[in-house]
Every structure is written in C-alpha cells, then in structure tokens.
Amino acid sequence: MPEQKHYQFPEGFLWGAATASYQIEGAVDADGRKPSVWDTFCATPGKIVDGSSGKDACRHYEKWEEDLDLLKSLGMGTYRFSIAWPRVIPDGRGAVNAKGLDFYERLVDGLLKRGIKPNATLYHWDLPQSLEDKNGWINRDTAYAYAEYADAVAKRLGDRVAFWATFNEPRIFVWLGYEAGIHAPGRKEGPQAVNQAIHHVLLGHGLAIQAIRKHSKSPAGIVLSPASVWPQTNSSKDLHAAELSWEDANDWWVLPMLKGKYPEASWKRRGGDVPLVQAGDMAIINQPIDFMGINYYIPNRTVHSDKAPGYVEVPPAPDAPMQSMPSWEIYPAGIEDLLIQFKQRYGDIALYVTENGMSNASDAPGEDGKVHDQIRLDFYRGHLIHCLRAIKQGVNLKGYYAWSFMDNFEWGLGYTQRFGIVHVDYKTFKRTVKDSGAWYRDAAKANGFDGPDLPILKSGFPRN
C-alpha cells in the first residue's frame with residue numbers, strides 16, 4: 001500500500017460542485033419555457049440510447065430548495081450551474097420571460113442565503129430551437145442574439161452572481177453537434193461550416209463579456225474542455241504530433257480570446273476551410289477575461305501519423321483503469337499536465353477546474369441504504385492530489401468543481417450513466433449522498449485530506 005501523506009490546499013481555495021440546466025431541471029414546458037435543440041433532438045427516435053429526455057431529469061426546477069440545502073450540508077463554498085436560454089428568452093430573441101429569470105433569481109438568492117458563491121454559466125448547450133431553425137451557430141446573427149440574452153441575465157443578476165462564464169465546452173458542442181452529429185442539433189457539416197460556427201461562438205463570447213461588464217463587477221470568463229494532449233511516447237515524431245494537435249484543438253480557441261488572432265500554423269493547415277472573419281471581429285473576441293475554467297476527464301493520447309493533419313489519437317491500453325463511459329480512461333496525472341500546459345502556454349491567468357468526475361453506471365443504494373462508490377472516491381482523491389501538485393509548480397488554480405453534484409441526464413447516453421456525488425432515484429427522485437460525496441464534503445470542510453503518495457508522471461511536452 002502506498003505511503004500516506006497529508007494534502008493541504010491553499011487558504012481561500014474554493015470547493016464546489018457543478019450541474020447544467022437541461023441535465024437536471026426538468027419542467028421543460030413550465031412557466032413559458034420553449035423547446036431547445038435538446039428537446040428536439042431527444043424527440044427524434046434513435047438519438048438517445050435509452051429513448052429518454054430531460055423532460056423530468058432530476059426535477060431540480062421544483063426541488064431546488066432541497067438541493068441547495070444539500071449543497072450546504074456538503075460544505076460547498078460555490079455552486080456552478082447554467083442558465084437556460086429558452087427559459088429566459090424562449091424564442092431566442094425578443095421578449096424576456098420574467099418567470100424564467102425569476103427562477104434563477106430565487107436560485108442565486110438561495111445560494112447566497114446559504115453562504116454559497118453562485119457561479120453562472122450562460123450557455124451549457126441548450127440553444128433555443130427557434131434559432132437553430134435559422135441555422136444555429138453557423139448563422140452570424142446567433143452571436144448577437146446571444147449577446148442580447150447575456151445582457152438580460154446580467155442586468156437582472158449582475159449584482160449577485162459571483163462568477164460568470166459565457167460558454168461551457170464550446171469545442172465539444174460544436175464538434176459533436178455540428179460535425180459528428182451525435183449531439184444536438186445532430187448535424188454533420190463540412191469543415192468550413194464548422195469553423196464558421198466556431199468563429200460565431202467566439203464572437204458571441206466577446207459580445208457576452210461586454211454585456212456582463214455593463215452590469216456586473218464579478219469575475220467573468222469561459223469554461224473550456226481542452227484536448228488534454230498526452231504524447232504516447234517521447235519520440236520527436238510523437239512530440240511534434242502532440243504540438244500539432246494542441247494548436248488545432250486548443251490554440252484555435254484560446255489565442256483568439258487572449259491574443260486576438262487565430263494560430264497562424266493551424267490557420268494554414270485549414271486551407272480553404274477557414275472561417276469568414278469580418279472587420280472588427282477579432283477585437284470583439286479579444287475581451288479581457290478574469291479566468292478560464294478547465295474541464296478534464298480523460299487524456300488525449302496522441303501519436304504521429306503520416307496522413308494529414310499529422311497526428312491521431314489512440315485508445316487506452318487494454319489494462320488501463322476505465323470508468324463506465326465508453327472508452328473513458330481514468331488517468332489522474334493528465335489533469336496536472338493539462339494545468340501546467342495552460343500556465344506555460346498562456347501565462348498566469350486564473351484557472352478553475354470547473355468539471356472533473358467519472359461515471360459509475362452501477363451506483364445504487366445497498367442494503368444499508370448507502371451508495372458505496374469507492375472507485376469514484378479514489379478518482380477524486382487522485383485528481384485532487386495532481387491539482388495540488390500543479391499549484392505547487394506555480395499554476396494559479398483557485399478552485400475545483402466536482403462533476404457532478406448529482407446524477408443526471410447524460411446527453412446522448414440518457415440515464416445510463418451516473419456521474420453524481422449524490423445518487424438520484426429516477427422513480428422517486430430521492431437524493432442520497434454517496435460515499436464519494438461524504439469524502440468530498442470532509443475534504444472541502446478541512447481544505448485538505450490524507451491520501452497516497454502518487455508517482456510523478458510527465459507527458460514530455462512541450463519541449464523547452
């Protein structure tokens with residue numbers, strides 16, 4: 001058994017948990033809300049593996065006070081949630097739905113009453129269907145509609161929300177929704193249209209930051225799911241392949257926001273598939289931001305390829321520890337490496353781990369009524385150890401959010417996966433804190449924990 005040691009986090013480190021509107025709220029037609037792309041996608045036969053939808057989800061829309069009490073009992077200093085655009089402006093543009101904003105005002109005030117910092121994400125994938133009917137994010141007008149929505153929310157809640165994020169995982173929702181077609185809105189567009197959607201999301205981000213600044217003095221940023229590039233070997237070919245992968249997946253998103261330009265080498269590799277950029281766009285995208293959220297789940301193991309673009313991802317080793325999500329490897333060292341990469345490449349910007357977690361599909365209360373999920377407990381402990389190691393190497397990591405606060409609707413996989421530190425019975429909607437949740441509660445309250453002295457693992461890049 002590895003030697004045990006104590007891991008103490010810096011004073012002021014924030015411990016939290018995260019969710020998303022469509023995954024937990026339910027009440028999809030309550031109080032004026034209209035359909036999102038996910039309501040439409042779920043209604044299309046064959047799109048969700050178990051034929052389910054977010055119609056009920058966790059019924060958080062009606063059980064929110066119970067859920068906030070649970071967050072407080074877990075010792076959470078902050079809670080990251082998302083606001084549903086179709087609740088606030090049901091048609092995407094036009095009249096603001098007061099009842100929709102009322103719900104989020106109750107939520108924010110309820111968090112503050114319990115001493116929990118509200119962290120609001122404006123867009124976690126639930127685009128109003130009416131805007132998708134007009135070509136969604138491939139339509140430049142969507143960026144301006146999004147700015148109007150951001151303005152309406154920030155005007156109402158700007159004096160109370162502690163952190164603002166414009167988008168959650170834009171790389172993922174554009175890729176899976178507009179290129180691969182396996183998430184809403186289920187499209188399989190060519191590379192130029194996909195790059196145009198990326199550009200419009202970035203434009204929307206810049207416009208939304210401007211809107212937030214008008215109404216709020218709180219920190220504002222974005223939540224990314226960067227490709228956690230890990231060269232499979234330290235050969236010069238694999239290290240070069242990893243660099244190309246990083247440029248195409250991560251620099252392509254981050255440099256426009258931080259530097260006001262797309263990465264030159266990656267732009268050239270895209271050839272005639274680059275987006276149309278209008279005069280002034282890059283200045284709008286290049287708004288000062290206060291933090292970046294980093295979501296990490298798995299390493300992207302990368303090797304050289306003789307075919308364009310010069311790299312390819314390889315699957316985990318047959319004996320690699322795995323979680324219930326198909327092909328998702330458990331690799332805690334990847335989070336340390338990813339955080340260090342961000343510091344080395346992009347400077348000393350404040351970072352938060354805004355999602356980190358794992359699915360254990362078989363979670364269920366035992367005869368004692370408890371959910372014994374030791375694998376998830378070990379997952380969190382291992383990843384948090386690597387987060388602390390990153391901090392000790394100079395990374396400005398200021399907080400960590402477990403994904404997820406509770407089991408929920410896992411997009412195309414429906415209710416077949418369970419990510420929560422709180423179990424949800426989807427028949428009775430009873431909440432049960434899992435063993436991992438109890439451990440996380442204790443760690444949060446103590447701002448530290450005891451754990452094994454894990455081996456040091458490095459990816460070997462970038463080459464200094």
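Q: Where does Asp 29 lie, and why is Asp 29 called exposed?
A: Asp 29 is placed in the loop between H1 and helix H2 (37-42), where helices (H or I, at least four residues) and strands (E, at least two) are DSSP runs numbered from the N terminus. Its relative accessible area is 66%, and exposed means over 50%, buried under 20% and partly exposed in between, with a 1.4 Å probe and protein chains only, so Asp 29 counts as exposed. This is a predicted model, in which local features need pLDDT of at least 70 and side-chain atom pairs count only at pLDDT 80 or more, while totals for chains, interfaces and linings use all residues. Residues are numbered from 1 along each chain as its sequence is written, and side-chain values use heavy atoms, with hydrogens and water left out.

Q: What makes the pair of Tyr 22 and Trp 411 stacked?
A: A search of the whole structure finds 52 aromatic pairs. In the pair of Tyr 22 and Trp 411 the ring centres are 6.3 Å apart and the planes are at 15°; rings of Phe, Tyr and Trp (its six-membered ring) pair if their centres lie within 6.5 Å, and planes under 30 degrees apart count as stacked, over 60 as edge-to-face and the rest as tilted, so this pair is stacked.

Q: Which parts does the pair of Tyr 22 and Trp 411 tie together?
A: Tyr 22 lies in helix H1 (residues 21-24), whereas Trp 411 lies in the loop between strand E12 (397-403) and strand E13 (422-424), so the pair ties together parts that are 389 residues apart in sequence.

Q: How do you know whether Tyr 22 and Trp 411 are buried or exposed?
A: Tyr 22 has a relative accessible area of 3% and Trp 411 has 4% relative accessibility, so, against the cut-off for buried, Tyr 22 is buried and Trp 411 is buried as well.

Q: What makes the pair of Trp 230 and Tyr 331 edge-to-face?
A: Trp 230 and Tyr 331 are 5.1 Å apart centre to centre, with 85° between the planes, and the angle therefore falls in the edge-to-face class. Trp 230 is in strand E7 (residues 229-231) and Tyr 331 in the loop between strand E10 (311-313) and helix H13 (333-346), 101 residues apart, and both Trp 230 and Tyr 331 are buried.
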